[in-house]
Amino acid sequence: MQKFKILLPVALFFMLALGFILGSKFQFSASLSHFGKPTAKNKLNTLLELIETEYVDQVDTDSIVDDAVNAILAHLDPHSNYIPSADQAELAENMKGDFVGIGVNFYMYKDSVAVITPLPKSPAERAGILAGDRILYAGKTKLFGRKLPSDSLFAHLKGEVGTAVQLTLYRKSERRIFKTKLLRDRVPIKSVDVAVLLAPHIGYLKINRFAETTYTEFAKGLRKLKRQGATTLIVDLRGNGGGYMEMATQMADEFLKNGQKIVLLKSRKGQVEKTLATEKGSFESGKVLILQDENSASASQRPRTCYRATVIWKRLGATRIAF
């Protein structure tokens, strides 16, 4: 009996030790099975989990995911892009027919904001701002010498309708610095830059993008050119980065006869969706020339380089000219 009392604690110790060893081996094996051969879809999740739980420093995993998604899409076609949620509102605004701001096209020249041109009927145009003016200050915020990103500049120049901003500008032609106060307003953004008759019976339409109002502007310009006697139409898509494919489809419908193919969408699973021309085409018998360059993308591309959607420009009877 005395011997049993002595051996019982020893036996319990060895049982606990054995259980600990077996449990450790089981966990280690489970870890190997989880991390050793992850499937392709689980690799990213596994990596993020390891970074969040094991990496020595605090890491913003959201930014890592954005970088990873962009890297993945870079292996696809040039027109597949990832838009973070923070940029979706700005993109949607750019696709509308107007925006709220002071109304200037600008670019960063060295370390300052240079006005390319004030937009027509904008607060900037009404205030007398000219192409070439440099915007030095927006209120008390210094804009030069800082290499500010575009989104930061937008924050200072855009705003609510009726809100005021005082700009300090430098005009090189007059070698003077001056201030002007502007009230932000709704500024129209045009998709059709120009619709003119270049020569008798030859009309010209320059389209810079495919946004919500593009077809409306295009149809208005086309009607004007037809009234002026245009029987040949030049559609200039050079520098057009694309946009809503629906707008390009509606435009193509003006040139095609009822029932002809405009767009063919084919999924990986073999599902096909066709968009056919309707009876409303107003320029079906005229000649059409499409101008494109290396910056014509997405909805403005010709079939051999268009991704997902094949725009059947051949059926327009058009001569394609690339510059």
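Biologist: Which residues lie nearest the centre of the largest pocket?
Modeller: The model is a predicted one. In this model the largest pocket has a volume of about 620 Å³. Its lining is made of 23 residues, and those nearest its centre are F99, V104, N105, L119 and I189.

Biologist: Which residues form a nonpolar patch on the surface?
Modeller: One member, I116, sits in strand β3, which covers residues 112-118. A patch residue needs over 30% relative accessible area, and I116 has 44%, so I116 is partly exposed. The patch has about 280 Å² of accessible area together, and its members are Y107, Y109 and I116.

Biologist: Which residues are linked with D133 and R171 in a network of salt bridges?
Modeller: Another salt bridge joins the side chains of E174 and R176, at 2.4 Å, N to O. E174 has a relative accessible area of 41% and is therefore partly exposed, and R176 is partly exposed at 35%. The residues linked with D133 and R171 in the network are E174 and R176.

Biologist: In the salt bridge of R238 and D236, is D236 buried or exposed?
Modeller: The side chains of R238 and D236 meet at 2.7 Å, N to O. R238 has a relative accessible area of 29%, so R238 is partly exposed. Buried means under 20%. At 1% relative accessibility, D236 counts as buried.

Biologist: What separates the C-alpha atoms of K158 and G103?
Modeller: K158 is in the loop between α6 and β6. K158 has a relative accessible area of 19% and is therefore buried. K158 and G103 are 55 residues apart along the chain, and their C-alpha atoms are separated by 8.8 Å.

Biologist: What is the phi of R175?
Modeller: Most residues other than glycine have a negative phi. R175 lies in the loop between β6 and β7 (176-183). At 72% relative accessibility, R175 counts as exposed. R175 is a residue other than glycine, yet its phi is positive, near 50°.

Biologist: What is the phi of H201?
Modeller: H201 is in the loop between β9 (192-199) and β10 (202-207). With a relative accessible area of 47%, H201 is partly exposed. H201 is not a glycine, but its phi is positive, about 75°.

Terms used: Residues are numbered from 1 along each chain as its sequence is written. This is a predicted model: local features need pLDDT of at least 70, side-chain atom pairs count only at pLDDT 80 or more; totals for chains, interfaces and linings use all residues. Side-chain values use heavy atoms; hydrogens and water are left out. On a 1 Å grid over the protein atoms alone, a cavity is a set of points where a 1.4 Å probe fits but cannot get out, and a pocket is an open set with protein on both sides within 12 Å along at least five of seven lines; lining residues have an atom within 4 Å of a point. Grid points are joined across faces, edges and corners, and a volume is the space filled by probe spheres set on the points. Patches are made of residues with over 30% relative accessible area and no salt bridge: like charges are joined within 9 Å, nonpolar side chains (Val, Leu, Ile, Met, Phe, Trp, Tyr) within 5 Å. Accessible areas come from the Shrake-Rupley method with a 1.4 Å probe; for residues, only the protein chains shown count as cover. A salt bridge is a side-chain nitrogen of Lys or Arg within 4 Å of a carboxyl oxygen of Asp or Glu. Helices (H or I, at least four residues) and strands (E, at least two) are DSSP runs, numbered from the N terminus. Buried means under 20% relative accessible area, exposed over 50%, partly exposed in between (1.4 Å probe, protein chains only).
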